[in-house]
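This report asks the reader to look at the model below with its helices in mind.

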Amino acid sequence: DTVSTVYIAYDEKLNPEQAIAYSDQLKKELKARKKVSPDDENAVVVRNRAEGLKDSFQFLFVITMIVGFIGLGTLLAGIIGISNIMVYIVKERTQEIGVRKAIGAKPRSIVTLIIQESIVITVISGLIGVALGVLTLKLIGNSLEEYFIKDPSVGWLLITAAFISLVMSGLLAGFVPAYRASKIKPIEALRAE
């Protein structure tokens, strides 16, 4: 005749805040139904595992922020690398740029040429990076389940966003050397060794 313990499984679609709100509402209704004072914490006790889950989600959020920061640093390192490559390419092709300018190439065409090279380098390296990343995740598979990591994967939306930001970064990284190259005087460029 006496019920001392009730176990309830939450709908998996509920997030931790909704599950906690649900258990609070359940506690309030049980107290009202059994005519227990709302201030009495010992008459009806509700232990909610969603509170621990909320802490886990906060921990995962911090990990996600750290990984995002590392990813941003990697992207910045890539931008600097592409920019250095483009500076080197421009320096090596200074005479070619001088010849182009001497026969009538406009600064815009010089900038376009160098930016196109920058984008091509970025796209090729980006495709290789995405392919290696997807391959690595496929090879890892479900081998990390013992560490509570199930199905490590990256969504195509995130891959597309990262790829587009990489290409835009390549465009920006190539612009500065391209702009400098477009300002070189033909006579100085032809003298360069």
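## The bend in helix α5

At which residue does α5 bend, and which proline follows within four residues? In this predicted model, α5 bends by about 30° at phenylalanine 175, and proline 177 is the proline that follows within four residues.

The buried residues of α5 include Ala173, Gly174, Pro177 and Ala178, whereas phenylalanine 175, at 40% relative accessibility, counts as partly exposed.

## An aromatic pair at the bend residue

The count of aromatic pairs comes to 1. Phenylalanine 175 and tyrosine 179 form this pair, which is stacked, with 6.0 Å centre to centre and 25° between the planes. Because the two residues, phenylalanine 175 and tyrosine 179, are 4 residues apart in helix α5, they are separated by about one helical turn. Tyrosine 179 counts as partly exposed, at 43% relative accessibility.

## Threonine 94 in helix α3

Threonine 94 lies in helix α3, which covers residues 94-102, and counts as buried at 12% relative accessibility. The side chain of threonine 94 reaches the backbone oxygen of valine 90 at 3.0 Å.

## Confidence

The mean pLDDT of the chain is 80, and 91% of its residues reach 70 or more.

Definitions and conventions. Residues are numbered from 1 along each chain as its sequence is written. Side-chain values use heavy atoms; hydrogens and water are left out. pLDDT is the predictor's confidence in each residue, from 0 to 100. Buried means under 20% relative accessible area, exposed over 50%, partly exposed in between (1.4 Å probe, protein chains only). A polar contact is a pair of N or O atoms within 3.5 Å; within protein, one must be able to donate a hydrogen and the other to accept it, and residues adjacent in sequence count only if both atoms are side-chain atoms. The bend at a residue is the angle between axes fitted to the seven residues ending there and the seven starting there. Rings of Phe, Tyr and Trp (its six-membered ring) pair if their centres lie within 6.5 Å; planes under 30 degrees apart count as stacked, over 60 as edge-to-face and the rest as tilted.
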